[in-house]
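Below is a short briefing on one chain, grouped by topic. Please keep the sequence and the 3D view open while reading.

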Amino acid sequence: METILRKVGKSIFLKKKTKILIIGTGQQAEIFLKAFLKNKIQIDTICSSKKSLQKAIYLKKKYNIHHAKNNLIQILKSKKFDFIFLLVNWDKIEPELLNVLKYSKAQIFSEKPVATSFKAFNNLVKLSKKYNKKIYVMYNRRFFETIMFIKKEINKVKKFNFTITIPEQNERIIKKYGNKMNNKLKYFISSHWLDLINYICGNLSIKKYFIGKSFSTLMLKNSKCNGTINFVFNAVDQIRLIFFLPKFSLELNPLEKLYSIKNLVKRNNYYSINKRLIIDLSRQNLKPGMDRMIQSIFIKKNFKQVLPKISDLKNIYEIMEKLDH
């Protein structure tokens, strides 16, 4: 038996015997479940903690999931899965990954951060090799239409520069999550942006850096580009990325809106910047990139070209070693 998925007028088949396990019942898990439902992908089992079993049962009914369980190790030992999606809180990802690595042969897709120290990261990489398991880290912003457009344009040029300003809400986040967030902010937030710029530009190395109380600056480079990332702490602002290409510039401000900026143009008796909005994702119902990522995994099956394996993140973890927040 097969379930027929229809996408852009074409029939795509996902075998019913394909078993998917969702680990987690929080907000992120439900965002994923909405994307699975939209793409008519059946979930076999949802696993929760003992405290969250009632939430798992509620999600089972709401999203037509076959089973709701609350003992992860028992589930992994008793049942074979093809895909496992680890969607737990940021501080639970690393210990749950250890269980999944040990007890399952499924393809693993994990939320981030997969590790909150360089030592823990290296340990996970070592264990993934030991158990011969591939862990794909779901940096779904790689699937944004805006990011794909920028990457395509950058691939056309030999050299370019970039500048990024990232407001980090340190005090608000520490207040929300407590002392366990101390010295973890760079993994919790900054890693997202470092992964994104590495994906767009290719692996970068640090040229210079400055670590301060109100901001930190990284000057990065590779054979094709030079750029600066400014982490500004407790600023009320939006993230802004500008890529300076030979003939024009591309600006993300915020991440969901992409502008093309060309040379000054003369209008009547004055000059102005020719800035044009070319992509706007701000009104999408699902998280931008989420739907594309799910389709890439199950329908197009080209996710390996976009999603990083855990070992691919070594470069950004090395860069984060220089940061102090």
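Buried means under 20% relative accessible area, exposed means over 50%, and partly exposed is in between, with a 1.4 Å probe and protein chains only. By that cut-off cysteine 201 counts as buried, because its relative accessibility is 10%. This is a predicted model, in which local features need pLDDT of at least 70 and side-chain atom pairs count only at pLDDT 80 or more, while totals for chains, interfaces and linings use all residues. Residues are numbered from 1 along each chain as its sequence is written, and side-chain values use heavy atoms, with hydrogens and water left out. Helices (H or I, at least four residues) and strands (E, at least two) are DSSP runs, numbered from the N terminus.

**Cysteines**

- A disulfide is a pair of cysteine sulfur atoms within 2.5 Å, and by this rule the count is 0 disulfides.
- Cysteine 201 is in no disulfide; the nearest cysteine sulfur belongs to cysteine 225 and is 4.1 Å away.
- Cysteine 47 counts as buried because its relative accessibility is 3%.

**The open sheet**

- Two strands pair if DSSP finds at least two bridges between them.
- An open sheet of 6 strands runs in the order S5-S4-S3-S6-S7-S8, with parallel pairing.
- Strand S5 (67-69) and strand S8 (135-137) stand at the edges with a single partner strand each, so one side of each has no neighbour in the sheet.
- From one strand to the next, the twist averages 20°; axes here are lines fitted to C-alpha atoms, for helices over the stretch in contact, and angles run from 0 to 180 degrees between N-to-C directions.
- Strand S7 (residues 107-110) runs parallel to S8, and 3 bridges join the two.
- Isoleucine 108 stands opposite isoleucine 135 in S8.

**Strand S3 and its partners**

- Strand S3 (residues 20-23) is covered on both faces: Ile20 and Ile22 are buried on one side, and Leu21 and Ile23 are buried on the other.
- With strand S6 (residues 83-86), S3 pairs in the parallel sense over 4 bridges, and leucine 21 stands opposite isoleucine 84 in S6.
- With strand S4 (residues 45-47), S3 pairs in the parallel sense over 3 bridges; the bridge partner of leucine 21 in S4 is threonine 45.
- S3, helix H1 (residues 27-38) and S4 form a right-handed β-α-β unit.
- A crossover is right-handed if, with the strands pointing away from the viewer, the path from the first strand over the helix to the second runs clockwise.

**Strand S9 and its partners**

- Strand S9 (residues 160-168) pairs with strand S12 (residues 225-233) in the parallel sense over 9 bridges.
- In S12, cysteine 225 is the bridge partner of phenylalanine 160.
- S9 pairs with strand S13 (residues 240-244) in the antiparallel sense over 5 bridges, and phenylalanine 243 in S13 is the bridge partner of phenylalanine 162.

**Helices H6 and H8**

- Two packed helices are described by the angle between their axes and the distance between the axes.
- Helix H6 (residues 145-154) packs with helix H8 (residues 185-201) at an angle of about 35°, and their axes are 9 Å apart.
- Ile147, Ile150, Lys151 and Ile154 in H6 meet Leu196, Tyr199 and Ile200 in H8, where contact means heavy atoms within 4.5 Å.
- The residues of this contact divide into 6 nonpolar, no polar and 1 charged.
- In that count Ala, Val, Leu, Ile, Met, Phe, Trp, Tyr, Cys and Pro are nonpolar, Asp, Glu, Lys and Arg are charged, and the others, Gly among them, are polar.

- Helix H9 (residues 290-298) packs on a sheet, touching S3, S6 and S7, and its direction makes about 155° with that of S6.
- H9 is largely enclosed by the rest of the structure, because 8 of its 9 residues are buried.
- The buried residues in H9 include Met290, Asp291, Met293 and Ile294.
- Serine 296 lies in H9 and is buried, with a relative accessible area of 2%.
- Leaving aside neighbours within four places in sequence, serine 296 is in contact with Phe143, Lys301, Asn302 and Phe303.

**Histidine 325**

- Histidine 325 is placed in the segment after helix H10 (314-320).
- Histidine 325 is buried, with a relative accessible area of 7%.
- The C-alpha atoms of histidine 325 and lysine 186 are separated by 5.6 Å, although the two residues are 139 residues apart along the chain.
- Leaving aside neighbours within four places in sequence, the contacts of histidine 325 include Glu168, Asn170, Lys186, Phe231 and Phe233.
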